[in-house]
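Here's a quick tour for anyone opening this one for the first time.

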Amino acid sequence: MLLDAADSQLVLVDYQTRLLPAIHEAPLVLANAVRLARMAQVFRVPVFGTEQNPEKLGGNDAALRVLCQKTLGKMSFSAVDAGLLDCLRPAVRPVAGNARSLPKHLQKAAPSQAPERNTVVIAGCEAHVCLLQTVLELIEQEIDVWVVTDACGSRTERNRDAAFDRLAGAGAELITTEMVAFEWLRTADHPAFREVHALIK
């Protein structure tokens, strides 16, 4: 199974200014998160961010925050508890404006609903805490979750790697930033190939 940009949403968890200095390989982790967000914009993939206790840990890195269409503040470790599902699965608006008594040719056509995207591409910090708990709860909601490992971090490699083992066992797909890029592209003939390739070089 390959990622499909048309079915994807991107979630970036807690790349916060006061947390990042403690994260193993933080510059690489953050750079890959920014690459993911920029690629998502190219493919029109919705991007959501989260911030854990932002009053204490600061906001997300500014370069990343500006690429998110919405950023959720949270106190719970899982972003699902902070309303992430409302972003991923927005409520369907009721059709309004049609009077049943009007002849069919005078009734307004029902607006077509945007197709539901059921694949979440996700990365973040710390991998063994907020990322892990968010992913496990998304899987419980029967969402297909793809964890971008080279854009995830923890304070120690051991905690990060333990999170990846547990996530794979729970059914998450483990991928890299370049895998996301080339699976969203699918072909070198894609109109965005050069732009996306420049982001990952």
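What follows is a short briefing, sorted by topic.

Keep in mind that this is a predicted model. The protein chain has 201 residues, and 45% of them count as buried. Its make-up is 8 helices and 6 strands.

**The overall layout**

- Take the contacts between residues at least 6 apart in sequence: 75% of them join residues at least 24 apart.

**The sheet**

- The 6 strands make an open sheet, lined up as β3-β2-β1-β4-β5-β6, and the pairing is parallel.
- The edges belong to β3 (70-74) and β6 (173-175); each has a single partner strand, so one side of each has no neighbour in the sheet.
- On average, neighbouring strands here are turned by 25 degrees against each other, direction ignored.
- Zooming in on one pairing, strand β2 (residues 47-52) runs parallel to β3, and the two share 5 bridges.
- Within that pairing, T50 sits opposite L72 of β3.
- Helix α5 packs on the sheet, where it touches β1 (8-13), β2, β3, β4 (119-124) and β5 (144-148).
- The direction of α5 makes about 170 degrees with that of β4.

**Helix α5 up close**

- This helix covers residues 127-140, which is 14 residues.
- From first C-alpha to last, α5 reaches 18 Å, close to the 20 Å expected at 1.5 Å a residue.
- Which of its residues are buried? In α5 they are A127, H128, C130, L131, L132, T134, V135 and L138.
- After α5 comes E142, with a positive phi near 65 degrees.

- Helix α7 takes in residues 177-185, and its buried residues are T177, V180, A181, E183, W184 and L185.
- What covers the buried residues of α7? The cover includes β1, α1 (26-42), β4, β5, β6 and α8 (193-200).
- R186 follows α7, and its phi is positive too, near 70 degrees.

**Salt bridges**

- How many salt bridges are there? The count comes to 7.
- As background, side chains of opposite charge can pair when their charged atoms come close.
- One of the bridges links R65 and E51, whose closest N and O atoms are 2.7 Å apart.
- R65 is in helix α3 (residues 62-65) while E51 is in strand β2, so this pair ties together parts 14 residues apart in sequence.
- Is E51 buried or exposed? E51 counts as buried, at 5% relative accessibility, whereas R65 is partly exposed, at 39%.
- Another bridge joins R89 to E116, with the closest N and O atoms 3.9 Å apart.
- Both R89 and E116 lie in the loop between α4 (84-88) and β4, so the pair ties together parts 27 residues apart in sequence.
- R89 counts as partly exposed, at 29% relative accessibility, and E116 is exposed, at 55%.
- E157 and R160 are both in helix α6 (residues 157-170), 3 residues apart, or about one turn of the helix.
- In an α-helix there are 3.6 residues a turn, so residues three or four places apart point the same way.
- E157 is partly exposed, with a relative accessibility of 42%, but R160 is buried, at 14%.
- Through shared partners, salt bridges join E25, E157, R160 and D161 into one network.

**Cysteines**

- How many disulfides are there? The count is 0.
- C152 counts as buried, at 2% relative accessibility.
- C68 is buried as well, with a relative accessible area of 12%.

Terms used. Residues numbered from 1 in each chain as written. Predicted model: local features only at pLDDT ≥ 70, side-chain atom pairs only at ≥ 80, totals over all residues. Heavy atoms only, no water. Helix = DSSP H or I, 4+ residues; strand = E, 2+ residues; numbered from the N terminus. Expected span 1.5 Å × (residues − 1). Buried < 20%, exposed > 50% of the residue type's maximum accessible area, 1.4 Å probe, protein only. Disulfide = S-S within 2.5 Å. Pairing = 2+ DSSP bridges. Axes fitted to C-alpha atoms, helices over the stretch in contact; angles between N-to-C directions. Contact = heavy atoms within 4.5 Å. Salt bridge = Lys/Arg side-chain N within 4 Å of Asp/Glu carboxyl O.
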